[in-house]
Amino acid sequence: MALQGMFRPRTVDEALELLAQDPEARLLAGGATLVAMINARVVAPAALVHLAGIRELHGISTLSDGRVRIGAFTRHRDTAACALALGSGTVVRDAASQIANATVRNMGTIGGSISFADPGLDYPPALVAARASVEIASRSGRRTLPAREFFVDWYTTARQDDEIVTAVLLPAPDGGTGLYVKHARVAGDYATASVAIARDGAGRLRVAVGSCGPTPIADDEVDVMLSADASAAAVARAGERLRSLADPLDDVRGTSEYRRMLIPRLLARACRQIHARGAA
Ligand SMILES: Cc1cc2nc3c(=O)[nH]c(=O)nc-3n(C[C@H](O)[C@H](O)[C@H](O)COP(=O)(O)OP(=O)(O)OC[C@H]3O[C@@H](n4cnc5c(N)ncnc54)[C@H](O)[C@@H]3O)c2cc1C
């Protein structure tokens, strides 16, 4: 049955029921992207399912096993201001604080951001570096998958049309840390290229590059190399390998060659900063 108008479910199950009734209905979160697309007549959904009234999608909490749960409707400003110790998940807080400007951070939500999966977004590389997982609900239950598997292609995720992203789960903090290095043309712009880096409590590094391909670029060999050897030569080798894995677009934010050139430089900066943080 085709639905029309704005629906305001109070639970995830009610929202899933609406999606089942009308596969053309679109979920609405902060609206920063979807409302702009409607205004520009890129899409014209007859029915919107607004997630704002679903309590379980709001806020950040620590689970009984120590993991940190960020509800899908948590606004970027609240993730940026999160006062919990996040360990390697600190990279996600750092990325949130660098999204666009205060207006967008007041509107946008983590669930809306990662579901849209624009390759220029700041969260995807941060989630991959943090070893975060994404929780997804369907009428047959909940599933959780690593962020690295959630981002599948340009604007494409592992979420099916009848599913809802309910949360992002960060690993239990174990004394690690993380940070996000973003290069943009001007303050507030999308990244031309970015590097997210996280270190777990055992000193292992995990790196992901953003805005340089359809999905964040991460590579186990690079992580092993950087974890074992902090020298400038090792960082340069890792940077060259990441550069070779990149598949960037030419667009108004930079040519593909310029983006490739940025990767080793941003990686070197990220490594310097995370080692300095360790020393401090
Ligand atoms: C001017 C401007 C500048 C921006 N700059 C940046 C930037 O520098 N860095 C950056 O990372 N981002 C940037 N963004 C993107 C922004 O941060 C938001 O992440 C983005 O707008 C989507 O979040 P939203 O909550 O507004 O989602 P919406 O616009 O409401 O929805 C986006 C899409 O996700 C779907 N959706 C929403 N919630 C869910 C859910 N829980 N489960 C499944 N599907 C869902 C919707 O159906 C829709 O298709 C910018 C946006 C604008 C408008």
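The largest share of the shell around the ligand comes from α6, which gives 4 residues. The model used in these exercises is predicted.

**Exercise 1.** Describe which elements and which classes of residue make up the shell around the ligand.

*Solution.* Step 1: consider the elements. At least two shell residues each are supplied by β2 (26–28), α6 (110–116) and β10 (164–170). Step 2: consider the classes. The shell holds 14 nonpolar, 10 polar and 5 charged residues. Step 3: consider distance. Among the 29 residues around the ligand, those that come nearest are Leu27, Thr33, Leu34, Thr109 and Asp122.

**Exercise 2.** State which residues lie within 3.5 Å of a ligand oxygen or nitrogen atom through polar atoms, and how much of the ligand the protein buries.

*Solution.* Step 1: take the oxygen atoms. A polar backbone atom of Ala32 is 2.8 Å from a ligand oxygen, and an N or O atom in the side chain of Thr109 is 2.7 Å from an oxygen atom of the ligand. Step 2: take nitrogen. A ligand nitrogen is 3.0 Å from an N or O atom in the side chain of Tyr190. Step 3: take the area. The ligand alone exposes 960 Å², and the protein buries 90% of that. Step 4: take the site. The largest pocket is where the ligand sits.

**Exercise 3.** Determine whether Pro124 is buried or exposed, and locate this residue.

*Solution.* Step 1: Pro124 belongs to helix α7, residues 123–129. Step 2: its relative accessible area is 4%. Buried means under 20%, so Pro124 is buried. Step 3: the C-alpha atoms of Pro124 and Ser211 are 9.5 Å apart, although 87 residues separate the two along the chain.

Conventions. Residues are numbered from 1 along each chain as its sequence is written. This is a predicted model: local features need pLDDT of at least 70, side-chain atom pairs count only at pLDDT 80 or more; totals for chains, interfaces and linings use all residues. Side-chain values use heavy atoms; hydrogens and water are left out. A residue is near a molecule or strand if one of its heavy atoms lies within 4 Å of it. A polar contact is a pair of N or O atoms within 3.5 Å; within protein, one must be able to donate a hydrogen and the other to accept it, and residues adjacent in sequence count only if both atoms are side-chain atoms. Accessible areas come from the Shrake-Rupley method with a 1.4 Å probe; for residues, only the protein chains shown count as cover. On a 1 Å grid over the protein atoms alone, a cavity is a set of points where a 1.4 Å probe fits but cannot get out, and a pocket is an open set with protein on both sides within 12 Å along at least five of seven lines; lining residues have an atom within 4 Å of a point. A molecule sits in a cavity or pocket if more than half of its atoms lie within 2 Å of its grid points. Ala, Val, Leu, Ile, Met, Phe, Trp, Tyr, Cys and Pro count as nonpolar, Asp, Glu, Lys and Arg as charged, and the others, Gly among them, as polar. Buried means under 20% relative accessible area, exposed over 50%, partly exposed in between (1.4 Å probe, protein chains only).
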